[in-house]
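Let's walk through this model together, one region after another. Keep the sequence and the 3D view open side by side as you read.

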Amino acid sequence: MPKFETNQIDVKGDGKIILYQRPDVKKPKWYARISVQGATGYKIFSTKETDQRAAERIALDRYEELYFKVRRGGTLKGKPFRAVFGEWKSSAFVLAYEGTQSHLQAQILKVERIGVGFFGAKPIDEISEGDLEGMMSWFLNEYEEPPASSTIRSYGYAMNLLFQYAKTKGYTDSIPNIPVPPLKANPRPDFNKREWTTLYTHMREWINQPRRNSVKGEIDERLHRDRYYLQQYVLILANTGIRVGEMRNVCWGHLDKVEVELGDERVLLRVSGKTGERDVIANPGVNVYLRRLWVYRSKELGREPDMGEYLFCKSDGSRVGRYTNGFNALLDSCGLRIQHSSGKYRTLYSLRHTYATNRINEAPVYQLAVNMGTSVDMIERYYSHARTRSPEFAKTMTQGNQSAEGNALPF
């Protein structure tokens with residue numbers, strides 16, 4: 001008798017169905033170890049029952065399923081996780097995914113990272129909730145600092161997509177619960193109004209520095225171009241709330257306009273990202289930033305840009321991949337890389353958060369959520385703190401109370 005099996009019961013008397021309990025638990029449940037003629041190895045699983053008779057019924061039913069599976073040419077051992085992943089990522093199931101292709105590819109990479117990286121050749125139908133807890137612990141231990149709850153949950157969502165596919169293919173009987181932590185509000189740091197003023201004012205000087213400070217008095221037009229384009233990129237992101245990945249894909253042909261009043265128009269941008277396609281209404285002034293790009297690019301080409309060209313492109317017309325390094329250098333140059341109140345490093349996504357915290361006091365939450373391509377719940381969860389800091393909120397909340405005199409703080 002294996003040392004980890006106690007109270008063995010031969011259900012049929014022929015050694016095909018063995019029930020046993022594990023000795024290392026206080027209230028042991030019955031496990032089953034099944035073998036079928038014509039197949040090698042065993043099928044081991046928990047019946048999840050502490051009652052022996054109930055466990056026997058479950059084991060007998062499972063034996064019948066496995067018996068006919070083997071008769072049809074199947075095996076007792078399930079399909080390796082790695083093999084299921086290979087099928088899933090190129091299957092019609094994936095091709096019919098309702099989100100965008102870029103979002104789909106992100107899910108595939110997540111499953112490959114934590115699922116294939118942890119389970120490898122382990123049969124997918126033998127993966128338990130305990131195994132998935134181990135996978136998540138292994139995944140989290142790879143970070144020097146704990147990732148945001150939303151990041152962890154996104155990996156759980158991606159794994160769930162693969163298990164849905166595995167169930168439809170008959171590789172597993174059920175979709176296990178993938179443990180994820182509760183979603184906590186942990187937004188990236190934004191820029192307050194004073195910091196934002198410092199940033200956009202500094203950019204006016206910063207974009208021209210390569211022309212004045214280049215070696216031997218030569219003009220570095222390439223660096224000037226990079227900084228000029230980054231300036232418009234920052235201004236547009238902070239005035240639209242568009243995600244970084246969405247902005248990379250915007251072409252000139254994706255721009256439109258909407259008339260809010262007679263003669264007063266707003267820019268409309270068609271974007272595609274993790275939540276599908278949507279139209280985004282830009283703040284007043286974005287038309288100025290777009291016009292700057294249009295004029296600059298027209299001079300560079302000697303003609304007007306094609307409608308299919310990316311707004312943010314290199315001189316050869318190819319799409320700009322990332323502005324991360326340039327943005328970090330910009331923030332370092334004006335002392336805004338770290339948010340002093342939280343000690344967190346700012347990223348390009350801080351511009352989206354800046355847009356949200358500014359607009360939450362000026363626009364209905366539902367409309368803001370639609371424009372940003374997110375949910376009302378997420379807006380309230382992440383940005384409601386900005387409401388209490390608005391003068392209008394403070395005034396409304398204290399109406400009818402005794403009047404204050406002088407400064408609010410003694411310092």
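Which residue takes a positive phi in the hairpin of β1 and β2? Gly-13 does, with a phi near 80 degrees, in a hairpin that has six residues between its strands. Before going further, please note that this is a predicted model, in which local features need pLDDT of at least 70, side-chain atom pairs count only at pLDDT 80 or more, and totals for chains, interfaces and linings use all residues. Residues are numbered from 1 along each chain as its sequence is written, and side-chain values use heavy atoms, with hydrogens and water left out.

How much confidence does the predictor have in the chain? The mean pLDDT (the predictor's confidence in each residue, from 0 to 100) is 84 for the chain, and 84% of the residues reach 70 or more. Confidence is highest in α11, at a mean of 96, and lowest in helix α17 (residues 391-397), at 56. Where pLDDT is low, the predicted coordinates should not be read in detail.

Let's return to the hairpin and the sheet around it. Helices (H or I, at least four residues) and strands (E, at least two) are DSSP runs, numbered from the N terminus, and two strands pair if DSSP finds at least two bridges between them. With that in mind, you can trace an open sheet of four strands in the order β1-β2-β3-β4, paired antiparallel. β1 (6-10) and β4 (43-49) are the edge strands, each with a single partner, so one side of each has no neighbour in the sheet. From one strand to the next, the twist averages 25 degrees. Angles here run from 0 to 180 degrees between N-to-C directions, with axes fitted as lines to C-alpha atoms, for helices over the stretch in contact. Helix α1 (residues 52-71) packs on this sheet and touches β1, β2 (17-21), β3 and β4, its direction making about 145 degrees with that of β4; contact means heavy atoms within 4.5 Å.

Now look at the individual pairings. β1 and β2 run antiparallel and are joined by three bridges, and Asp-10 stands opposite Ile-18 in β2. Strand β3 (residues 30-34) pairs with β4 in the antiparallel sense over five bridges, where Tyr-31 stands opposite Ser-46 in β4.

Six bridges hold the antiparallel pairing of β5 and β6, and Lys-257 stands opposite Val-267 in β6.

Lys-257 also leads us to the charged pairs. A salt bridge is a side-chain nitrogen of Lys or Arg within 4 Å of a carboxyl oxygen of Asp or Glu, and the structure holds 21 of them. Lys-257 forms one with Glu-265, with the closest N and O atoms 3.5 Å apart. Buried means under 20% relative accessible area, exposed over 50%, and partly exposed in between (1.4 Å probe, protein chains only). On that scale Lys-257 is exposed at 52%, while Glu-265 is partly exposed at 42%. Asp-279 bridges to Arg-270, the closest N and O atoms being 3.2 Å apart. Elsewhere, Arg-225, Arg-297, Glu-300 and Glu-309 are linked in a network of salt bridges.

Finally, turn to the interior. A nonpolar core is a set of buried Ala, Val, Leu, Ile, Met, Phe, Trp, Tyr and Cys residues joined through side-chain atoms within 4.5 Å. The largest one has 41 residues, of which Leu-199, Tyr-233, Val-234, Met-247, Phe-312 and Leu-351 touch the most other members. At least two residues each come from α7 (193-206), α9 (221-238), α10 (244-248), β6 (264-273), α11 (286-301) and α12 (324-334), with α9 giving the largest share, nine residues. Leaving aside residues up to four places away in sequence, Leu-351 touches Phe-191, Trp-196, Val-234, Leu-237, Ala-238 and Phe-327. Another core, of 27 residues, lies apart from this one and includes Met-136, Leu-161, Tyr-171 and Ile-178.
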